[in-house]
Amino acid sequence: NSIAYVTVTEPELIWYATNHLAIASARGGNERVLTAELDRNVGSPTFSPDDDSILFGLEDSAERHLASYDLDSGGINRPIEGQLSVRDFDQGANGDVVARMSMPHLPSELFLLGGGELSQLTRTNEALLEALDLAEVINVTFPSEDGTEVEGFIFTPPDYQRGTRYPTILRIHGGPVSQYDFSFNADAQLLAAEGYVVVISNPRGSSGYGQDFSAALFANWGVPDFADVMAAVDHAIEEGYTDPDRLGVGGWSYGGILTNYVITKTDRFEGAITGASEVNYIANYGHDPYQYWWESELGLPWENKEAWEKISPWEDVDKIVTPTLVMGGKEDWNVPIQNSEQLYQALKRRGVDSQLVVYPDESHGISRPSFRRDRWQRYIDWYDEYVRGQ
């Protein structure tokens, strides 16, 4: 009789708008937004077997919960919550739920929620994890330049000794409307195992902190989010984890884009890695799949050229002095490789140490296992040469 779905109430904010839970009659009409007051992103709604409630995924700060909306009372509860990340779930006819969950020291496993008790079903990586020394993962909050509170995580090497300052890598998430959460982070664990402190954070634009926090980036890329990730680095320095003279930065997708902003705005980093990124936005008009979003956010490039150039790292490429590894997939139509080629060409032309690595037959994500291993090895080698070696 009814359809549960995800909607936005301010579509003019495009991907910055909060995703709400809604319901409508299967015969049409009677649409109701159920979580208008929640101001947190929801996903994957499904009716409970008794049709009394709707289960859905819920982002809240750096956590991802399983939530339930009671159709009679309008109340929301969270059958699975806390410092964890629920990515998928399914509910059986008896009401039991199986969820795919991860935690800072546990890659994704299946858990059963039955009778109010949560128990682990699969132990896929148990033998491997027993053989590894993992980084400690410290959840932190800190003020940005304008006082905005930002959340993040600091990973310390397994043999970390308090009082010693370590070479540090700032890793930046994609999106920009995405977030780091309490799930297992293989990239950060790998770099920590190599002796680096790793700093990750959820700058403005991130998705777990409400619509205003995300929409602060609207037509304003590289401004509040740059301040926020730099505040994360400064916090790690102030807390004694980080050697301020041995800093590296990097990310993939929007993480690469924000890396491009970072290295055009500061010379504090000794080495950078920018993956699947953009740098010259006008060059992507008519080329990538985001034409509606580009026009909604920046207008038409021939009518509003200033807005396009204002947020384009290309306009400040002459300020980059950081040795930069540029990477991407040859068949990436999401973020076409041409921008990476342009960035690499500009860096080489200006005499900045740079390499361009293009993976054949790969799109926006790198899927071939040998290429993924190659990418990780290149991360380590680049940071070792330019960051650890300083």
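Trainee: Is F213 buried or exposed?

Mentor: F213 counts as buried, at 11% relative accessibility. Keep in mind that this is a predicted model. F213 forms an aromatic pair with Y209, with 5.0 Å from centre to centre and 45 degrees between the planes, a tilted arrangement. Y209 is buried too, with a relative accessible area of 18%.

Trainee: How many aromatic pairs does the whole structure hold?

Mentor: A search finds 20. One of them joins Y160 and Y241, whose ring centres are 5.8 Å apart; their planes meet at 35 degrees, so this pair is tilted. Y160 sits in the loop between β13 and β14, and Y241 in the loop between α4 and β16, so the pair ties together parts 81 residues apart in sequence.

Trainee: Now the helices. What describes two packed helices?

Mentor: The angle between their axes and the distance between those axes. Here, α4 (residues 224-238) and α5 (residues 254-265) pack at about 80 degrees, with axes 10 Å apart. They are therefore roughly perpendicular.

Trainee: Which residues make the contact?

Mentor: From α4 come D225, F226, V229 and M230, and from α5 come Y254, L258, V262 and K265. Six of the contact residues are nonpolar, two are charged and none is polar. Y254 also belongs to an aromatic cluster whose members include W221 and W308.

Trainee: And sheets: how do strands pair?

Mentor: Through backbone hydrogen bonds, either parallel or antiparallel. Six bridges join β1 to β2 (residues 20-25); I23 in β2 is the bridge partner of A4.

Conventions
Residues numbered from 1 in each chain as written. Predicted model: local features only at pLDDT ≥ 70, side-chain atom pairs only at ≥ 80, totals over all residues. Heavy atoms only, no water. Axes fitted to C-alpha atoms, helices over the stretch in contact; angles between N-to-C directions. Helix = DSSP H or I, 4+ residues; strand = E, 2+ residues; numbered from the N terminus. Parallel < 35°, antiparallel > 145°, perpendicular 65-115°, else oblique. Contact = heavy atoms within 4.5 Å. Nonpolar A, V, L, I, M, F, W, Y, C, P; charged D, E, K, R; others polar. Pairing = 2+ DSSP bridges. Phe/Tyr/Trp six-rings, centres within 6.5 Å; stacked < 30°, edge-to-face > 60°. Buried < 20%, exposed > 50% of the residue type's maximum accessible area, 1.4 Å probe, protein only.
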